[in-house]
Amino acid sequence: MNVALLNPAFWPEVRRGSERFARELADGLLGAGHRPRLITSHPGRTTRAVEAGLPITRHRRPPQERLRRRLYEPWLTHLPLSYLDLVRGGDDVAHALYPTDGAVAARWSARTGNPSVLSYMGLPHRASLANRRGRLRLTLDAVRGCDAVVALSQTAAAHFDRWLGVRARVISPGVDLETFAPDPAAMALEPTIVCASDAREPRKRVGLLVDAFARVRRERPEARLILSAPAAFTGPGIEVRDLDDTAALVAANREAWVAALPSWGEAFGLVLLEAMACGTPVVGADREAIPEVVDSAAVGRLFAGNEPQALAAALLEALELARDPHTAAACRARAEQFPWSQTTEGYLALYEELLG
């Protein structure tokens, strides 16, 4: 099966988001004997290469700064070249990982009669759909024109139903269970909390975590907090590392007693599963899709609201949970319910259904 994956940008060093999703899905398809290729863009001239078995075309992306300044939907200028590539490609399926590329895939389907899929990496809701010029129209073109829309969680699927009137299928992302694996000997002697979220993104609420951590240190003065670089937060016990590096993130998850994700608006919460795969309990907000991941008190704690004392209380409870000898096994077992092979199988079944 020839599958064209479309994403606005792709750099191998990016560990999360649609770029990493594209790489993981492509690897799964390659391993199953299929022929994926990736159509993407970058600021330079068009290039074609095969990277770790995956053919990648990076089309020239004309400057988009003027569009951004005028608050247009980003990732528009590469679309004509991506569409032309699709038309010439002879693919069986077009699979877009961003709504603007989804609109291109939908147009390709209308022209060729071949199926297209849109995987939506976030939560569609009123604020996100209306904060850029043209975003709502392009998103509607994508979700109405593609043959299938895939959400990352039941929560995300409910958002599609509510805000766009579209029924989305749920195929959850998977965890690399070989890379993210326990190492009990690596656990720090001091109570350690890790947060892999981007501190520059307001909805990740890393500032709330820092305030809560200050309260944690009142009861556990030796506690440490590891944040992902770049982060402007400083203070007693706070350390900043490059957690976009996979090896560094694995090491931090193994070292930590607890992994925290205080953000709102999460469509899934993969970083929590990656921590659990290392045997580390987690703390997350009791909203959006996080409760679907943190599904029992055996693997972590949830907190409500926007006050640091609520988050601090959950962190202190999770630190105690980390001392329970049964916790690491429970966390690992939860993560093992989301192998990447299952994600690949879900998409292959969807492709075959649409082609059939």
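Predicted model: local features only at pLDDT ≥ 70, side-chain atom pairs only at ≥ 80, totals over all residues.
Me: How many bridges join strand 12 to strand 13?
Reply: There are 3 bridges between strand 12 (residues 258-261) and strand 13 (residues 282-285), and the two strands run parallel. Alanine 259 has valine 282 as its bridge partner in strand 13, and alanine 260 stands opposite valine 283.

Me: And how many bridges join strand 9 to strand 12?
Reply: Strand 9 and strand 12, which also run parallel, are joined by 2 bridges. Isoleucine 193 has valine 258 in strand 12 as its bridge partner.

Me: Which way do the residues of strand 12 point, and are they buried or exposed?
Reply: Val258 and Ala260 point one way, Ala259 and Leu261 point the other way, and all are buried. As a general rule, the side chains of a regular strand alternate between the two faces of the sheet.

Me: Changing topic, how do helix 8 and helix 12 cross?
Reply: The axes of helix 8 (residues 206-219) and helix 12 (residues 308-321) come within 8 Å and cross at roughly 55°. The two helices are therefore oblique to each other. Helix 8 passes helix 12 in a right-handed crossing.

Me: Which residues meet there?
Reply: From helix 8, the residues include Leu208, Leu209, Asp211 and Arg215, and from helix 12 they include Pro308, Gln309, Leu311 and Leu315. By class, this contact has 10 nonpolar, 1 polar and 3 charged residues.

Me: Now strand 4. Why is it described as largely enclosed?
Reply: Strand 4 (residues 54-60) has 7 residues, and 5 of them are buried, so the strand is largely enclosed by the rest of the structure.

Me: What joins strand 4 to strand 2 and to strand 3?
Reply: Strand 2 (residues 35-42) runs parallel to strand 4 and is joined to it by 5 bridges. Strand 3 (residues 47-51) runs antiparallel to strand 4, again with 5 bridges. Isoleucine 56 in strand 4 is the bridge partner of leucine 38 and of alanine 49.

Me: What lies between strand 3 and strand 4?
Reply: The two strands form a hairpin with 2 residues between them, and alanine 52 in the turn has a positive phi of about 50°.

Me: One last topic. Where is cysteine 146, and is it buried or exposed?
Reply: Cysteine 146 is in the loop between helix 6 (135-145) and strand 7 (148-151). Its relative accessibility is 7%, so cysteine 146 counts as buried, the cut-off being under 20%.

Me: What does cysteine 146 touch?
Reply: Leaving aside residues up to four places away in sequence, cysteine 146 touches Gly102, Ala105, Ala106, Ser116, Val117 and Leu118.

Me: How many residues apart in sequence are cysteine 146 and serine 197?
Reply: They are 51 residues apart in sequence, and their C-alpha atoms are 31 Å apart in space.

How values were computed
Residues numbered from 1 in each chain as written. Heavy atoms only, no water. Axes fitted to C-alpha atoms, helices over the stretch in contact; angles between N-to-C directions. Helix = DSSP H or I, 4+ residues; strand = E, 2+ residues; numbered from the N terminus. Parallel < 35°, antiparallel > 145°, perpendicular 65-115°, else oblique. Left-handed = near helix turned anticlockwise from the far one by under 90°. Contact = heavy atoms within 4.5 Å. Nonpolar A, V, L, I, M, F, W, Y, C, P; charged D, E, K, R; others polar. Pairing = 2+ DSSP bridges. Buried < 20%, exposed > 50% of the residue type's maximum accessible area, 1.4 Å probe, protein only.
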